[in-house]
2 protein chains.
Amino acid sequence: MGEKITTIQDIADRLKITRSTVSRALSDSPRISDKTKKKVREIAKELNYVPNTLASNLRKGKSFTIAYVVPDISNPFFAKIGRLIESIALKEGYFLLVGSTDEDAKKEEALINNLMNRQIDGLVLASTKVNSKVVKNLVDRNFPLILFDRVDEKVDGNYVLVENEQSMQKATESLILQGCKKLGLLSITPELYPLNARIAGFKKALESNHFEINTDLIRKVDNNNIKESTHAEMAYLIEQEVDGVVFTNNTMASQAIWNVNMYYKDLAEKLKFASFDNLELFDYSLPKITSIAQPIEFIARNIAHMLLDLMDKKEMQVKKLVLEPNLIKR
Amino acid sequence: MGEKITTIQDIADRLKITRSTVSRALSDSPRISDKTKKKVREIAKELNYVPNTLASNLRKGKSFTIAYVVPDISNPFFAKIGRLIESIALKEGYFLLVGSTDEDAKKEEALINNLMNRQIDGLVLASTKVNSKVVKNLVDRNFPLILFDRVDEKVDGNYVLVENEQSMQKATESLILQGCKKLGLLSITPELYPLNARIAGFKKALESNHFEINTDLIRKVDNNNIKESTHAEMAYLIEQEVDGVVFTNNTMASQAIWNVNMYYKDLAEKLKFASFDNLELFDYSLPKITSIAQPIEFIARNIAHMLLDLMDKKEMQVKKLVLEPNLIKR
DNA sequence: CTGAAAGCGCTAACAA
DNA sequence: TTGTTAGCGCTTTCAG
């Protein structure tokens, strides 16, 4: 409670040397004698010295912090990627500050501004709003930024993403090949990239197989209430007697699997699903589900290394990485 | 690139006033005239002023940051809780710094020290090592700290946890009531709390039902390789012809479900499972699984509010909260 | 090898 | 209502 906090000055006083010497000794500068270093370390330990990184960072003009801003950090996809970035970054001395935007552009903007005030050194962002002003501004200022997941290929700036449209087209076609005659689709924020690209892929599959595109079967799920909304929309599609359903991400797909198992058990063998993103449970769950697996580790590693390079200023040239996801037919 | 960073001084110079006035104007101090505030804000915008929170925090002796240190931030349980704490904390102006320890006590210690250097204002910790020196030290110094999940009830300090032993006993007994005659158990780090308490509950259930305790059926899963290890141990238990398996957390349980569905499909209806933690998929997956659901939102809310109170010094008295989990029989 | 001095950008007592 | 002044704790040139 009433403990005095030890500073570098206290150590200096004790040894009758100056702050600068102590500072150098603690950072193991080659210009300091081993004897001094030893003494400094001893006294530091004795006084329970805790370096104040805030002060050091202010002086250095760097916070050794990177921010990870995504719609929802507890979504397995974002959680896994965050975890991997965290561990790579930590090895280089960077900590990860996380922020969830809840798919809310206003919140995202406020969050980013707040983080910039905190002098973050880099930002990894799955933006809710492609081409937002805040992001453009960062790109223009050449701020170390890696976009992912929610990016349009044409966007300025550095990004890592997976191909959306063709993959979804292939996944949908695989349902058609399995004999589906009437397909529905569920998506959150269908107007936003990359969800809209996935929907475009779905439509292309229908077109090239001469299915009629019934927009009534392309359903929007409320992202503030994914669970209930998915169930309502599934009920609707089932009423319309679809024999296959496509989902634009894993959240809705896993909800729908739950839904079918709980309320439409008899349809579990008949319905065919396809979804962007993969989950382990898709290997055995019913309805059978074809999925598009994003190479999570590869994405995370690339994001982390690209960002570290940018912060090191090793690379100032724009880097765009588009990965091919893996179609898992089931 | 070659842009000069605007400071509060630049704004002051422009308006021929002092830094302090600008500082006060920007923080909307009542002692400043509206006219001045307005002008300051205008110039701030014009010069693209970005406040430097690092400097302000240094001055205030507070970082407005709390750390969330857990074994693995991508584990759904920790991810969800982190997400909830993050949003509550943000409302009070605190950001969340995350760190995963990989169940490695050394890593955890280094991480915590590192975070303390960063002048975090509070820490939420699911420690790998109950009663470690670092944690004791924080408790002694009255540092705002909330322990959870990995805590022994007798530990000093503030914590939120769920009852482990009895819950696991009940879950195990429900398998026995369903007719299981030979039960096995899988656990990571079985020597550490709360896993050991869960195992104790398992054993008590056996004892009170006059089952013999065959320690060979209590298997350890390697936490560096949960997937492979779970599969190996499941193979062993199946070879021993168990008719029920108990898991000390959701990671192993979901792996085992996968395993049975992939390799022992014929056993899916016969085997009975029980697990600490609940997952939605348990509602419909096979083998049937009885689970112990932790009240995640309640846990998170309590952690967040307890920590905020501590940081506010509203509460300096030790708070211990033990929650009763919810047994879901299936 | 060590010291002196300046300052990172901001805030807050104390004055006026 | 505004200014003066000091300093948060640390690093780093420039001297010696």
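In this predicted model, sugar or phosphate contributes 56% of the atoms of DNA strand C within 4 Å of the protein, and bases contribute the rest. For DNA strand D, sugar and phosphate make up 54% of the atoms that come within 4 Å of the protein. Chains A and B are related by a rotation of 180°. The points below treat the two DNA strands, the relation of the chains, and two regions of chain B.

**The surface near DNA strand C**

- DNA strand C is surrounded by 27 residues, and the closest of them are A:Thr21, A:Arg31, B:Arg24, B:Tyr49 and B:Arg59.
- By residue class, this surface consists of 8 nonpolar, 10 polar and 9 charged residues.
- In chain A, an N or O atom in the side chain of A:Thr18 is 3.2 Å from a phosphate oxygen of DNA strand C.
- The elements that supply two or more residues to the surface near DNA strand C are α2 (19–26) and α4 (53–60) of chain A, together with α2 (19–26) and α4 (53–60) of chain B.

**The surface near DNA strand D**

- DNA strand D is also surrounded by 27 residues, of which A:Tyr49, A:Arg59, B:Ser20, B:Thr21 and B:Arg31 are the closest.
- The residues of this surface comprise 8 nonpolar, 10 polar and 9 charged.
- Two residues of chain A approach phosphate oxygens of DNA strand D: A:Tyr49 places a side-chain N or O atom 2.4 Å from one, and A:Ile8 has a backbone N or O atom 2.7 Å from one.
- A base nitrogen of DNA strand D lies 3.3 Å from a backbone N or O atom of A:Ala55.
- Two or more residues of the surface near DNA strand D come from each of α2 and α4 of chain A and α2 and α4 of chain B.

- In general, a rotation about an axis and a shift along it relate two copies of a chain.
- Here, chain A is superposed on chain B by a rotation of 180° with 0.0 Å of shift along its axis, at an RMSD of 0.1 Å. This is the relation of a two-fold axis.
- A:Leu97 is the residue of chain A that comes closest to the rotation axis, with its C-alpha at 2.3 Å.
- The copies meet through the same surface, because 100% of the interface residues of chain A are also interface residues in chain B.

**Strand β3 of chain B**

- In a regular strand, side chains alternate between the two faces of the sheet.
- In strand β3 (residues 122–125) of chain B, B:Gly122 and B:Val124 point one way, B:Leu123 and B:Leu125 point the other way, and all are buried.
- Strand β1 (residues 65–70) of chain B runs parallel to β3(B) and is joined to it by 4 bridges, with B:Tyr68 opposite B:Val124.
- Strand β4 (residues 145–148) of chain B is also parallel to β3(B), and 3 bridges join the two; B:Leu125 has B:Leu147 as its bridge partner in β4(B).

- B:Ala171 belongs to helix α8 (residues 165–177) of chain B.
- Its relative accessibility is 0%, so B:Ala171 counts as buried.
- Apart from neighbours within four places in sequence, B:Ala171 is in contact with B:Ala274, B:Thr290, B:Ile292 and B:Leu327.
- B:Ala171 and B:Lys329 are 158 residues apart along the chain, and their C-alpha atoms are separated by 7.8 Å.

Technical notes:
Residues numbered from 1 in each chain as written. Chains lettered and ligands numbered in written order. Predicted model: local features only at pLDDT ≥ 70, side-chain atom pairs only at ≥ 80, totals over all residues. Heavy atoms only, no water. Near = heavy atom within 4 Å. Polar contact = N/O pair within 3.5 Å; in protein donor to acceptor, adjacent residues only side chain to side chain. Nonpolar A, V, L, I, M, F, W, Y, C, P; charged D, E, K, R; others polar. Least-squares fit on C-alpha atoms with pLDDT ≥ 70 in both. Contact = heavy atoms within 4.5 Å. Buried < 20%, exposed > 50% of the residue type's maximum accessible area, 1.4 Å probe, protein only. Pairing = 2+ DSSP bridges.
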